[in-house]
Amino acid sequence: MLADLIESLAKIVFIFTVNVGVFAPILGWVERKQSAVMQDRIGANRADILGFTAIGLFHSLADAVKLLTKEDFVPANANKFFHTLAPFIALVPAISAFAIIPFGGRYELFGREINLVIADLDVGILYVFALAGLATYGTVLAGWSSRSNWSLLGGLRASAQMLSYEVAMGLSIIGIIIVYGSLRLTDIGAAQENFFRWGIFLQPVGFIIYMTCAIAENKRIPFDIPEAESELVAGYFTEYSGMKFVMFWMAEFLEMVTISAIVTTLFFGAWHIPFVTDAMLLSWFSGFAGPNGAAALAMAVNIAVFFAKVSFFIWLQMTIRWTLPRFRYDQVMRMCWKMLLPLSLINLSITGLVVLLL
Amino acid sequence: MELLIFYAFCVGAVVSALLMVTTKRPVRAAMSLVATMSFLAGLYALLNAHLIAVLQLIVYAGAIMVLFLFVIMLLNIEEKEGKLAKNVFFIQLAGTVVVGILMVAMVVVMNKIGAPVAGAAVDETFGTTKAVGWMLFTKYLLPFEIASVLLLAAIVGAVILAKRRIDNSKA
């Protein structure tokens, strides 16, 4: 009982540190640096401590200090309760979505079986969709409660866009669920031990649809019409400042991490290295490290592989963000209902047919 | 521990439901309803019905209520107290009758199910996605299909209504 509690706590602390402590601040810097590289600029490199700039990494630190000490401004006409609540509703789902994502397999360590996932839910991936649905309220309420036309327009656009893309996103995943026969992300991850059974080979169309919908759901370019700075100032979070502003910003980055983690788990072999099975990894390490040491080493390698893959997909999303121009509002909606939704339905029917025949 | 969580969810559900019916501000009422549904989802999860809990969040709290909020925002309904309808008495009467019928139905169903047997073992797979799916596609296939046809009819109806309005505005 106590050991279980310690294990769960350790996993929660680990994921929380990695997400909020490492990914969120680092990504703020990566985004700037990435845009600088892609636009042939030098980029963030001015913040320095005693002359050291650490390739601009101190900007994250400077940002944190600035945002924490900044005035928290609430517009006079705003609905104060919902104006304060909105950033929390946006951030909490982004953080808690990671609870069901396996960042490693199962390991036998000192007679204890360790399953590297915080909550191995039977409903699995559906939990993420439930949280994504709740995250919409953060955006919508932020837009409405600010009592500003820019914010309201942003909120309206966001609610329509996020609701529409949730439908296509849900349907794009069903193909994967049919193929692996489980909603549990741990099962789906374990089923991809064989390189040729990775989701990307079995469901290539599903991957493309999911990735598109996920970026739209996260409201990033080319789907950033709810915040479109050239049209709506900053859209739904125009009237936010200080810590509340940074909460929206963190929610966006953490959602990006979650999307990458889900893509890795569903389509790119989760914690597995291509052509290396879990048993092979264990036998290599047990040659010199003993059974417990081998399990610990295999665990470390798998976690590293998982987060390396996650980092790759974060990079991919950033590259997309700095490459493509923004869609027009009607184009975004048409793309969802007239292209992605029929495409995912066709993908679903073909998958169902093939699985039934085989 | 479980009992504590249960009471927390119960109190939350009742309080937010009361807020929903007593407040006169549309957005506050909608958000209270979202809270009620989320608390209900928590109660389902405590009853081991994980799939129902998540579906409650996805469908009711996540999708339907966002549409409600969307409409409220789109129409920009005033924050001030809404005007009371003229025939308050009939509305109250209708509400009482509907709730009364629901109450009777609930009592009938409860009597039919009977009191829970103390210590009765629940099937290991109870409430899992597999078990619920199996039931839906075998024992309850007909009601399930009828419900889906009903929903399809509603969707078609909504599309036709929306279409006609666009045609009228053009003419």
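In this predicted model, helix 1 (residues 2-38) of chain A packs against helix 10 (residues 242-267) of chain A at an angle of about 105°. Their axes lie 9 Å apart. Angles of 65 to 115 degrees count as roughly perpendicular, so helix 1 of chain A is roughly perpendicular to helix 10 of chain A.

Which residues make this contact? Helix 1 of chain A brings N19(A), F23(A), A24(A), L27(A) and G28(A). Helix 10 of chain A answers with M250(A), F253(A), L254(A) and V257(A). Sorted by class, seven of the contact residues are nonpolar and two are polar. None is charged.

Now step back to the whole of chain A. Chain A holds twelve helices and two strands. Along the sequence, the order is α-α-α-β-β-α-α-α-α-α-α-α-α-α.

How compact is chain A? Its radius of gyration is 21 Å, and the globule rule gives 21 Å for 358 residues, so chain A is as compact as a globular protein of that length. The C-alpha atoms of chain A fill a box of roughly 65 × 60 × 45 Å along the principal axes. Buried residues account for 47% of the 358 residues in chain A. Contacts also reach across the sequence. Take the contacts in chain A between residues at least 6 apart in sequence: 77% of them join residues at least 24 apart.

The strands deserve a look of their own. Strand 1 (residues 106-109) of chain A pairs with strand 2 (residues 112-115) of chain A. The pairing is antiparallel and runs over four bridges. One of the bridges joins R106(A) to N115(A) in strand 2 of chain A. Together, strand 1 and strand 2 of chain A form a hairpin, with two residues between them. In the turn, F110(A) has a positive phi of about 50°.

Last comes the interface between the chains. Here 18 residues of chain B are in contact with 20 residues of chain A. Which helices of chain B supply at least two residues each to the side that touches chain A? They are helix 2 (26-46) and helix 3 (50-75) of chain B. Helix 3 of chain B gives the most to that side, with 14 residues.

Note on methods: Residues numbered from 1 in each chain as written. Chains lettered and ligands numbered in written order. Predicted model: local features only at pLDDT ≥ 70, side-chain atom pairs only at ≥ 80, totals over all residues. Axes fitted to C-alpha atoms, helices over the stretch in contact; angles between N-to-C directions. Parallel < 35°, antiparallel > 145°, perpendicular 65-115°, else oblique. Contact = placed C-beta atoms within 7 Å. Nonpolar A, V, L, I, M, F, W, Y, C, P; charged D, E, K, R; others polar. Rg over C-alpha atoms; globule rule 2.2 N^0.38 Å. Buried ≥ 20, exposed ≤ 12 C-beta atoms within 10 Å, placed from the backbone. Pairing = 2+ DSSP bridges.
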